[in-house]
Amino acid sequence: LSTFLSRRREAHASRLARGGAWRAEVQVAVRLAVDCGKAMRDCLQKKVVWKDDSSIDPVTATDKENEQRVIAGLRAAFPTHEIIGEES
């Protein structure tokens, strides 16, 4: 079973690399990840706002902006998909 799963993962990765069935999704995901990464680098010195006083889960304005960036990018690329976000 382990060998089968390993071969299946390798085949899947190979199809993605060649532009298989998920080519559009991979291209959109990479573009959005790069865009969000740039935004995160730009905000390194910004203040962190906690969700509430007892929370251990910080959320920055950049977190919210990146979520909106991803949602907008996914809606533009895949208008029929439903999207669920963590910060919204």
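Two residues are in contact when heavy atoms lie within 4.5 Å. In the protein chain, residues 24 or more positions apart account for 46% of the contacts with a separation of 6 or more.

This is a predicted model, in which local features need pLDDT of at least 70 and side-chain atom pairs count only at pLDDT 80 or more, while totals for chains, interfaces and linings use all residues. Residues are numbered from 1 along each chain as its sequence is written, and side-chain values use heavy atoms, without hydrogens and water.

The protein chain has three helices and two strands, in the order α-α-β-β-α from the N terminus. Helices (H or I, at least four residues) and strands (E, at least two) are DSSP runs, numbered from the N terminus. Of the 88 residues, 16% count as buried; buried means under 20% relative accessible area, exposed over 50%, and partly exposed in between (1.4 Å probe, protein chains only).

Helix α3 has 17 residues. Its buried residues are T62, N66, E67, I71 and G73, and they pack against α2 (23–42). N66 of α3 is in contact with C36, A39 and M40, leaving aside neighbours within four places in sequence.

| Residue | Relative accessible area | State |
|---|---|---|
| N66 | 7% | buried |
| W22 | 49% | partly exposed |

Key. Expected span 1.5 Å × (residues − 1).
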